[in-house]
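The following report describes how two chains are folded and how they meet. Please read it alongside the sequence and the coordinates.

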2 protein chains.
Amino acid sequence: MPNLDSALRAIDDNFDFSVRKLLELVAIPSISGEASGGPGIARAAEWLQAELSSVGLSAEIIETKGHPVVLAQSPQTSHFKRPRLLFYGHYDVQPTGDVNQWKHPPFEPRVIEENGVHRFYGRGASDSKSQLWTFIEALRAWKTAKGDFPADIVVMLEGEEESGSPSLPEFIDAHRNDLRCDVAFICDAEMWSPTQPAITTQLKGLVHERVTIFAPNPDLHSGHYGAVAANPIRILSDILAGIHDEAGRVNIDGFYDDVSEIPNRLRLRWRELERDTAHFEEVNLSGGVTEEGYSALEAMWGRPTVDINGITGGNQGPGERSVLPGSATARLSFRLVRGQEPDKVRAGFRAYVKSKLPKGCTVEFVGAGGSSAVVLSQDSPFLAAAARGLEQEWESPTILRGTGGAIPLVQQLSEVLGAECVVIGFILPGDAIHAPDERYDTRRLLKGIRSWVRIFEEIGNP
Amino acid sequence: MPNLDSALRAIDDNFDFSVRKLLELVAIPSISGEASGGPGIARAAEWLQAELSSVGLSAEIIETKGHPVVLAQSPQTSHFKRPRLLFYGHYDVQPTGDVNQWKHPPFEPRVIEENGVHRFYGRGASDSKSQLWTFIEALRAWKTAKGDFPADIVVMLEGEEESGSPSLPEFIDAHRNDLRCDVAFICDAEMWSPTQPAITTQLKGLVHERVTIFAPNPDLHSGHYGAVAANPIRILSDILAGIHDEAGRVNIDGFYDDVSEIPNRLRLRWRELERDTAHFEEVNLSGGVTEEGYSALEAMWGRPTVDINGITGGNQGPGERSVLPGSATARLSFRLVRGQEPDKVRAGFRAYVKSKLPKGCTVEFVGAGGSSAVVLSQDSPFLAAAARGLEQEWESPTILRGTGGAIPLVQQLSEVLGAECVVIGFILPGDAIHAPDERYDTRRLLKGIRSWVRIFEEIGNP
């Protein structure tokens, strides 16, 4: 395997550069969900265009109604029919939240050693700048070692994944010719454990919804009217507390109507995985309520859920204030399984809230669209090649896993392009994604890059 | 009544000045509950010292551990034993909250005509700068007309009432000689209606408490862990929703143990008052839950209550964020009736929260102290004089009322100084105190000032 060996050597030789460049990218505050992130988004897109060009791809920044997509393709070659591979990643990041909750500044990453692990902290360090960097650096190494790419290549880097990808469906539709491919590698997923690679074959759907309860009055003095006038925080608390019953089931009429039960063979396989208790070590599940009758993995991967992501109402401090607020707001997300339709789930929730709304009060909902769950085929030769490549690098079998997360793109690529999708990634539960002190480590970066060249090799040797 | 007539004339003649000066005072952002209010507090204290001096009182600014008290006294006179009257007001104001919710800027008051009413808007316009200004202008007018004050006078203006008066007990204790008096007029209360004056003889106690629920983990990705890990917003919602039962009673063990029932003669009198439905016209009570078995007034004035004043947790926007937050916070206040002790009520609430806390989660409480309810004597000759004076000015009987509000000072003055307290004021439910677009009108200002000179006259003619 001279191709492979020389490419792996190129990765190892170039690794200091790979790390330094990734830290440059993490330092760019490309927050898609806040208006202040605009300049960071633009800088990150330009930075990536330059890097993809330096790898030998023809890269361009394509504007959308929202944030731009960076699209790169390998040059037309005279090669006789070789497969066309698409790589997807996203360069935007979540907002930081309260910066005071970070011990490490979110946009000043540097490698530090902690208990023998070489870590770097930063928003996007794990989700998802390290991910896209693994395949870019793998393509660079292969090209360096061999003078050509391992196949026809198209790279699509999105800038608004963390904001629900509002412009992506239109982009995919408009660029379906450029995006045509035999397989799409979606690099935005987790490993199973620090030592066990995984391919995600089952993804949940996602619906975001914001609900605001208004009292008939604006803010009042709670000393005077607390005993008698409507309090939107109290009403909202009642509504939120009523969403789940004591068994952890969702109490919204019709919520489970279209839900497919988890197939038995899948339950058996997941229960087997669950014996590996190390998987949950990074997260303490005590105090949580798992739906009765289901294991933790089954609930996370195979059962629909409702989460409250935020709540705000009345006095936010710092001092005390005797206010009976005029309104209170909650932000929720619904994670769907196969069979559930986003619009129907949203409508069911709105009907539930209205049924609980005291007379005289009003409600405002904000939210639209959403994505359905996706269950991917496990028979694809590309998936088999990827599983073999991962297994070789990590010296451990590749787990076929589910996730509670959503990648709406997978549904779009399957449906619009008819492409095979293989969802791979090298992040871990302990990376604190979407949280303060998000982190990654250089060992996974190195093995992630190496994994891709092994996958390229396996694709060439079916 | 030459004294009275000349003093009333002085008020009317000087009224443009009175309004202009009050607007100056309202324009000073003397917010006690936020650190940024410090300069405003200092300016307001100096402004008041200057005004009280110009009236002929010897006024000084006395520092405390918190915000200063402005204390003013009439000169020693050779008068043969005349009563000594104390006037209390507070010059600090509530925070503005979100300024975007104000139609009128909170610190740029000017008089505008709306449907024949001459209004001005501003934080503190009603609560409580207009209130203290009524007795200051009444003292000025009497002094102008008669060359002397109607009695020995002491004026105490506090700068941290809206922050729970943390320094006041120590101040009263340290200045008990200056503050000694035959009667303390507390000018920080409501009329019964725009045409009916009132004296408040029953006040509630007040306890503020902040509670934060912590999950065992910091922020997590809700897609991954929403189905299984603890969500502090959900736990907090359950706890808040469980505070009241469906009959509007408080579900906290022991909450009603020491509560005195409302005496029957009081219930009869309040029910009589409640026939005057105009009282509630400014506030829409639909959607509110009044404790079963009690009328609205009984619940407001005579029953203990729990209010949620604020809630915060997880994503505060603007974008959506799939976060399972590490913590969530609520701010509550408890309004107590005679018999309840602040410490015991606080302890009962904390025990209730702990009893509902899932294992693995932790809770943090912030709060201390509080005030008890006060029921004032209705037999005082000063109260009788005040009731007569009010009745003459407003040409309507003076209502003896309760309130859901708390004035902890009343308890301290009664207990430490042994002073008779008479609680009077000229604000109304429609003034939007503690809320955006707080307002007042010049008619009430005029009649408020005139009320005091009539009260002075009645005190002189028992």
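Which strands of chain B does helix H11 (residues 342-356) of chain B lie across, and at about what angle does it run to E9(B)? Helix H11 of chain B lies across strand E9 (205-214), strand E13 (327-336) and E14 of chain B, and runs at about 25° to E9(B).

## Basis of the model

This is a predicted model, in which local features need pLDDT of at least 70 and side-chain atom pairs count only at pLDDT 80 or more, while totals for chains, interfaces and linings use all residues. Residues are numbered from 1 along each chain as its sequence is written, and chains are lettered from A and ligands numbered from 1 in the order in which they are written.

Helices (H or I, at least four residues) and strands (E, at least two) are DSSP runs, numbered from the N terminus. Axes are lines fitted to C-alpha atoms, for helices over the stretch in contact, and angles run from 0 to 180 degrees between N-to-C directions.

Eight strands form an open sheet in the order E14(A)-E9(A)-E13(A)-E11(A)-E11(B)-E13(B)-E9(B)-E14(B), and their pairing is antiparallel; two strands count as paired if DSSP finds at least two bridges between them. The edges are taken by strand E14 (362-366) of chain A and strand E14 (362-366) of chain B, each of which has a single partner strand, so one side of each is left without a neighbour in the sheet. On average, neighbouring strands of this sheet are turned by 25° against each other, direction ignored.

Where the chains join, strand E11 (residues 305-314) of chain A and strand E11 (residues 305-314) of chain B run antiparallel and are linked by five bridges. Among the pairs, A:Ile311 has B:Gly313 as its bridge partner, and A:Gly314 has B:Gly310.

## The interface and its helix pair

In the interface, 77 residues of chain A are in contact with 77 residues of chain B, a contact being two residues whose C-beta atoms, placed from the backbone, lie within 7 Å. E11(A) gives the most to the side of chain A that touches chain B, with nine residues. By class, that side divides into 31 nonpolar, 34 polar and 12 charged residues, where Ala, Val, Leu, Ile, Met, Phe, Trp, Tyr, Cys and Pro count as nonpolar, Asp, Glu, Lys and Arg as charged, and the others, Gly among them, as polar.

Helix H8 (residues 232-241) of chain A packs against helix H8 (residues 232-241) of chain B at an angle of about 115°, with their axes 8 Å apart. In this contact A:Arg234, A:Ser237, A:Asp238, A:Leu240 and A:Ala241 meet B:Arg234, B:Ser237, B:Asp238, B:Leu240 and B:Ala241. The contact of H8(A) with H8(B) has four nonpolar, two polar and four charged residues.

In chain B, three strands form an open sheet in the order E4-E5-E18, with antiparallel pairing. Strand E4 (112-114) and strand E18 (439-441) of chain B stand at the edges with a single partner strand each, so one side of each is left without a neighbour in the sheet. The twist from one strand to the next averages 45°.

Strand E5 (residues 117-121) of chain B is joined to E18(B) by three bridges, and B:Phe120 has B:Tyr440 as its bridge partner there. Helix H14 (residues 442-460) of chain B packs on this sheet, touching E5 and E18 of chain B, and its direction makes about 65° with that of E18(B).

In chain A, helix H14 (residues 442-460) has 19 residues and reaches 28 Å from its first C-alpha to its last, close to the 27 Å expected at 1.5 Å a residue; the expected span is 1.5 Å times one less than the number of residues. Of the 19 residues of H14(A), 14 are buried, and a residue is buried if 20 or more other C-beta atoms lie within 10 Å of its own, exposed if 12 or fewer, and partly exposed in between, with C-beta atoms placed from the backbone.

## Loops and backbone features

A:Ala432 is found in the loop between strand E17 (420-424) and strand E18 (439-441) of chain A, and it is buried, with 24 other C-beta atoms within 10 Å. A:Ala432 and A:Phe120 are 312 residues apart in sequence and 12 Å apart in space, C-alpha to C-alpha.

B:His434, in the loop between strand E17 (420-424) and E18 of chain B, has a positive phi of about 65° although it is not a glycine. A cis peptide bond joins B:Asp127 and B:Ser128, with omega about 15°, and the bond from B:Gly317 to B:Pro318 is also cis, with omega near 5°.
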